[in-house]
Amino acid sequence: MRKFGSVSFIFIFILFLYSTFGVSGQESNTAIVDFEAQWMQPLKIADSSVLVLTNDVVFHHNGAIIVCDSAIRYSDRMIECYGNVIINKDSTYIYGDKADYNGNTNLAKVYSPLVKMIDKDVTMYSYNLEFNTLTSVGKYTQGGTITQNDNLMESQEATYYSDDRQVFFVYDVAMRNDEYILQTDSMGYNFDTEITTFYKKAYIWNKDGNFLTADRGQYNRFTDTYTFTENSFIMTEDYQTWADSITFNQTSELSHLYNDIQIIDEEQKVMLFGDYGIYWGQLENAMVTKDPAVVSYDTSEGQDSTFMRSDSIFLYKIFLVDGDKEDEGIPEYMSYTPEDIQRIMDEVSYSDEIVLPEFFPINMSDPYASDVIIDDDRLVIADMQTHSDSVMVDNISIPDSVTIAELPVLTDSISVQEEIETPVVVEKPKTKRELKREEKERKKQEKLNAKRAELLNRMRVQEANDAVEREFDSVTVVTVVDSLNMDPLSLIDDEEEELIIVDSVQRILRAYHNVKIYRNDIQAVCDSLVSFSVDSTMHMYIDPVLWNENNQVTSEIMHFYTENQELVRAEFEIQPLMVEYVLDSLYNQLAGRVMIAHFVDNRIRMLEAKGNAESYYYYQEEENSDYVDGFSVTECSFINFYFDGNKLTEIRWHDDVNYALYPMDKIPENQPQYMRNFKWEEDRRPKSRFEVFNRRIRESIREEMSAIPQPGFTITAEIDEYKINLIDQGIWTDRSEDIWINPEHFLK
């Protein structure tokens with residue numbers, strides 16, 4: 001200890017009373033506060049005495065140093081510091097004009113027009129500050145602002161954990177940097193990992209112009225990834241996306257969505273639903289599984305919505321230049337087979353919740369730890385009697401990393417992914433059984449392709465030779481050669497290439513397994529479906545069935561052509577058969593090699609059966625009569641059926657007509673009344689949209705979300721203005737000096 005000049009007998013007596021203050025050899029956790037000064041003088045106040053210290057006053061406690069111009073020492077644990085106060089522990093420096101220190105609670109209350117704190121690259125200004133020298137935790141409650149590099153944060157209250165370089169903000173929290181602007185009421189931030197965690201509804205505006213919001217979640221700046229765990233929502237220029245939980249990489253714009261998903265494509269007027277999905281934002285492509293559904297809607301008056309569901313659904317785009325794909329090849333996921341999708345679903349555990357990485361290890365010895373609780377609305381500062389060793393958010397524990405099932409690395413679709421560290425995926429060698437099954441499927445597909453190609457060639461030859469006048473001269477037959485696992489552009493007929501040049505973006509929808517479609521006037525089922533925007537077509541494969549009023553059509557492949565959300569033409573290939581229910585077990589039937597149906601106002605207007613056409617028809621004198629007059633059997637080259645209001649009004653037979661008409665009681669026993677491929681599949685028909693779609697539909701909130709103002713950072717602006725005024729008036733100095741004494745001095 002320094003020598004202090006002449007010391008009176010009274011002062012020696014006081015030192016004896018305070019002999020337990022020994023400077024050296026003290027433990028850092030002792031309640032005794034060590035001190036030094038150039039000059040000290042006892043002063044009697046009422047019935048007690050205090051010690052006045054001036055000139056290079058230094059206090060040491062819990063490894064923290066407090067220096068000031070002068071101080072009053074009321075006891076070995078109670079001190080008041082005045083003038084040029086600096087509190088230093090490790091890398092943390094706090095600057096103020098006055099400080100009260102309580103050695104019992106380890107708390108220093110710092111006062112100044114503005115209190116400043118520096119911790120390496122972190123700088124904080126606030127109107128008040130408390131600092132715990134034992135736990136290295138600081139807290140302001142009257143407004144403050146913090147900066148670190150390009151990060152700016154402000155709030156009404158905050159708790160700063162110096163050892164962990166983390167901070168909790170509550171009330172009027174705002175943050176901004178080069179990546180995003182964030183507004184919430186409860187937020188945590190780690191200055192080393194640059195992970196932002198929010199526990200209250202947060203609004204985020206990112207650098208790409210997207211708007212994001214969720215009730216809870218985080219952003220990891222190093223990986224450029226958002227993780228939202230409750231009521232998540234993302235809004236881009238053309239899309240609105242909801243889900244319970246979302247992970248979103250801002251660099252690649254790759255999103256994983258979990259539970260209660262809804263995506264609105266406002267440009268195409270399509271809504272996509274499901275409980276697990278992947279969204280490739282840069283390509284505006286999506287895959288949804290686990291009870292997915294699509295709703296195609298039209299805001300025009302009187303237009304019905306179309307509902308569709310399947311086991312898995314893909315929506316994606318191909319950008320075209322003069323009718324060709326812009327890039328060689330297509331992304332891996334665009335050629336996923338049903339087996340690929342099942343593999344993805346097997347690798348994803350839907351029961352697992354998305355878990356936020358550990359943000360804040362609360363130290364129970366910290367007096368502020370007893371003030372931190374999380375209620376249903378926000379993380380708040382309040383008194384609490386019992387605690388746990390980790391923060392819990394709605395029973396979601398917060399471990400060290402995000403638990404998300406690994407998904408296939410889609411290198412073709414996300415080129416920027418190479419910049420992000422990804423696990424190496426080692427593909428297991430295929431078994432002999434798998435290879436044999438693949439070879440069998442390949443041969444089966446080749447045979448089917450050859451059969452369909454032969455059919456297509458025969459149809460074109462017949463078209464060229466047919467000279468029969470047709471009511472719809474502009475109709476052309478387009479056949480899809482393959483159904484699945486091929487380049488989608490190859491499904492487009494050569495005659496439609498000019499259409500592609502007009503529309504530079506090809507939007508494609510694929511649905512796999514158990515497809516069901518419902519609209520008030522039309523219903524359909526099949527196993528697989530693909531739809532193209534460039535020519536407004538939809539193609540159904542594997543046991544498809546179409547219903548319109550009392551009519552049912554079956555075939556191996558179906559093609560549908562629409563305009564303005566209305567069906568205008570349908571083509572049925574490979575054993576097509578139209579069936580109309582008449583009475584009891586009687587059905588009108590029409591068959592041919594190819595059938596084409598033409599629609600007006602979504603109602604069938606004409607039906608063509610081309611090539612080996614055959615019809616079974618029951619005659620009734622009166623509509624809706626319970627009596628059938630006769631039964632006709634007709635064979636010819638092709639047949640045209642004409643309808644008015646879904647009622648058959650005329651039949652035309654063409655070329656090599658063979659005709660027989662029988663009274664009902666004179667039908668020969670060897671004359672079948674059901675065609676070879678006849679099947680009435682009313683049990684497969686969706687009776688209402690709820691058999692296809694039973695989810696809630698969220699209305700657009702674009703207008704509401706767009707009206708939310710971005711934070712104005714008023715707390716920071718007020719502090720900055722106040723700081724300038726204080727400096728101009730000479731009241732306050734923006735200090736950053738180091739302390740003049742080495743803390744190791746007290747350990748000698």
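Guide: A note on naming before we start: helices and strands are DSSP runs, numbered from the N terminus. This is a predicted model.

Visitor: OK. Where is W732 found?

Guide: W732 sits in the segment after α6, the helix spanning 714-728.

Visitor: Buried or exposed?

Guide: W732 is buried, because its relative accessible area is 7% and the cut-off for buried is under 20%.

Visitor: What does W732 touch, leaving out residues up to four places away in sequence?

Guide: The contacts of W732 are S112, P113, L114, Y125, K723, L726 and I727. S112 is 620 residues away along the chain, with 8.3 Å between the two C-alpha atoms. With L114, a polar atom of the W732 side chain lies 2.9 Å from the backbone oxygen.

Visitor: Switching topic. Which residues have the most contacts inside the largest nonpolar core?

Guide: F59, F169, M308, L529, F572 and L607, in a core of 95 residues. Strand β46, residues 603-619, gives the most to this core, with five residues.

Visitor: And what is around F169?

Guide: Beyond four places in sequence, F169 touches residues including Y140, I146, M153, D185 and Y189.

Visitor: Where does pLDDT stay under 50?

Guide: One such stretch is 321-331, with 18 contacts beyond four places in sequence. Another is 455-503, with 90 such contacts. Where pLDDT is low, the predicted coordinates should not be read in detail.

Visitor: What is the mean pLDDT of the protein chain?

Guide: The mean is 76, and 70% of the residues reach 70 or more.

How values were computed
Residues are numbered from 1 along each chain as its sequence is written. This is a predicted model: local features need pLDDT of at least 70, side-chain atom pairs count only at pLDDT 80 or more; totals for chains, interfaces and linings use all residues. Side-chain values use heavy atoms; hydrogens and water are left out. pLDDT is the predictor's confidence in each residue, from 0 to 100. Contact means heavy atoms within 4.5 Å. Helices (H or I, at least four residues) and strands (E, at least two) are DSSP runs, numbered from the N terminus. Buried means under 20% relative accessible area, exposed over 50%, partly exposed in between (1.4 Å probe, protein chains only). A polar contact is a pair of N or O atoms within 3.5 Å; within protein, one must be able to donate a hydrogen and the other to accept it, and residues adjacent in sequence count only if both atoms are side-chain atoms. A nonpolar core is a set of buried Ala, Val, Leu, Ile, Met, Phe, Trp, Tyr and Cys residues joined through side-chain atoms within 4.5 Å.
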